[in-house]
Amino acid sequence: MLTLVNTNRMTPVIGPIGLDYLAASVRQAGIDVEMLDLGLVDEPAVAMKDYFDRRNPELVGLSFRNADDCFWPSADWFVPGLKSTVNTIRSMTDAPIVVGGVGFSIFARAIYEYTGIDFGICGDGESATIALVKRLQGTRNFVDVPGLIWRENDTIYENPPSWPDSVSLGTARDFIDNPAYFKEGGQCGLETKRGCNRNCIYCADPLAKGTGLRLRRPSEIADEVQSLLDQGVDVLHTCDSEFNVPRNHAYAVCEELNRRSLGKKVRWYTYMLPSPFDSELAKAMAQAGCVGIDFTGDSACESMLKTYNQQHHREDLATAVKLCRENNIAVMIDLMLGGPGETPETVRETIEFIKEINPDCAGAALGIRIYPRTIMEKIVEQELRQGNDVTIRRKYPGPIDLLKPTFFISEALGEKPAELVKDLIDGDQRFFEPVTEADINESKSDDASDYNYNENELLAQAIEEGARGAFWHILHQLRIN
C-alpha cells in the first residue's frame, strides 16, 4: 500500500491536485493508495499518529508544493517544516519515504540531503511513483525509475527528471476532498498542460516542469471540469505556467468547454502572457467561463522587459486590458520590480503606464527570488565575481544558500526600495503595494493591499464568509467594496 501525504499547510488552503492526479494513475496500475491530508487538519502530529497507529504502508509519499512564500521581506521558509514532518513520520513507520512535487523538484538534491529522506522524485510523479513501488516490491534496482534520487553505499544517485513527452491525467478528481478545499480555499485547480518553453531570467517553472510543452487533450480537460462540477466545485483556476502558450491549445480547450456548454456552469481564472492574446481568443475564453486573467507583465519599460527575456511589449499590456474589458473579464497585471538595471525612473515609467491603461489591479512585487540553475543566478554570480555592488536580501547568516529565500533588488533603488515604490503608487487602490519590513513587524495581514497569500488572515476570513475566486480578485473586491 502507498500512503500519500499532503504537507502543504499554507492558508488559505490550496488543494493538492498533484496527489489527485497521482492517485488516479497509481490506482489504475493496481496499487492500493490512501491519503493523509495534513492541509485540512488542526493538529498534524495527532493526525499522523492516529493514521500510522492503524496503517502500515509499503511506501509513504510526501507532496511538497512550496519551498517558501517567494515574498520579500517575509521570506517564510518551509523546508524545515518538511524535515520535521519527515522525522515525525519516520518515528511512526519503517516504510521508506519519498518526496515529490513542484517545490521539491526545484531544489531536489538540496532538499534530499537536508531532510534525509529515502527517495525523491524530480518532475512528474505519476509514472515515476508506479515504477518506484514496483522496484521496491521486486529487484530494488532503481536506475530506470524516472526522476529518482536515492542513496546507495553512501553515494547519492540522480536519474534525469521525469518529464514524459505526453501527459494524460485522471479526470475523476475523487482522491482529495475537493469540496472541502473549495469551501476553505475559494477555488480548485486543474492543469491543461505541463512544461514551459520560455526563458525568463528568474522563473523556476522549467526546472520543475521541464522546458518542453506537454499538452493535455481538450476532451480530457473538459471531462475533469465536469467531474469537479459534479462535486459542487464551480470556480476553478488553471495551474499552467501560462494558459495561452501555445495559443492554439488554449483556444481548443475553450472550444471544447463551449461545445459542452460548460462555460455556462463554471467560472475560472488563469495565468497568461499579454501576447499572444487576440479578440478571438478573448471571446472564446469568456464564453467558456473565464472571468479573470492574471497577466505576467513584469514591467512596462521596454529595457526591463528585454532584461527579463520577455517577448511582449508595453503596448501588449494595453491591448490585453482592452480585450478583457470588452469581454467582461477581470484583469490583473503582475509586475516584477527591482530586477537588474531597474532604476527609480524605470519603476516610475512602469507604474505610470499601468495607471494609464487601468487594469482592475496590479501587483507591485519587489525583489526577485533567486533560484538555482536560472539565468538570474548566473547574473548575480557574475556581478559578485566582478566585484560589483549587488543588493542581496536574506534573513539567514553565512554564505548565500539558494535553498533558503534569497532575493535580488537593484542597488539603484536605494536602501528603502519598498518606500520608493509606495511613494510612486501614491495610494492608488488598484495596486497591491510591496510590503516593508516595518509592515511585517507590525503584522499587517488585515490589509487588503497585502497580496502575499501565505497566512493572509483577511483573505481567509473572506473565503470563510463565502468569497470565491482567484485570491487577487477576492482581495480586489475587498478593497473596492
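Helices (H or I, at least four residues) and strands (E, at least two) are DSSP runs, numbered from the N terminus. This is a predicted model, in which local features need pLDDT of at least 70, side-chain atom pairs count only at pLDDT 80 or more, and totals for chains, interfaces and linings use all residues. Residues are numbered from 1 along each chain as its sequence is written.

**The sheet**
- Seven strands form an open sheet with mixed pairing, in the order β2-β1-β3-β4-β5-β6-β7; two strands pair if DSSP finds at least two bridges between them.
- Because β2 (33–37) and β7 (155–158) stand at the edges with a single partner strand each, one side of each has no neighbour in the sheet.
- From one strand to the next, the twist averages 20°.
- Strands β1 (residues 2–6) and β3 (residues 59–63) run parallel and are joined by 5 bridges.
- Leu2 stands opposite Leu59 in β3.

**Helices across the sheet**
- Helix α1 (residues 17–28) lies across β1, β2 and β3, at about 175° to β1; angles run from 0 to 180 degrees between N-to-C directions, and axes are lines fitted to C-alpha atoms, for helices over the stretch in contact.
- Helix α6 (residues 126–137) lies across β1, β3, β4 (97–100), β5 (119–121) and β6 (148–152), running at about 155° to β5.

**A helix pair**
- Helix α9 (residues 218–230) packs against helix α10 (residues 247–259) at an angle of about 50°, and their axes are 9 Å apart.
- The contact (heavy atoms within 4.5 Å) involves Pro218, Ser219, Ile221, Ala222 and Val225 of α9, and His249, Ala252, Val253, Glu256 and Leu257 of α10.

Definitions and conventions. Side-chain values use heavy atoms; hydrogens and water are left out.
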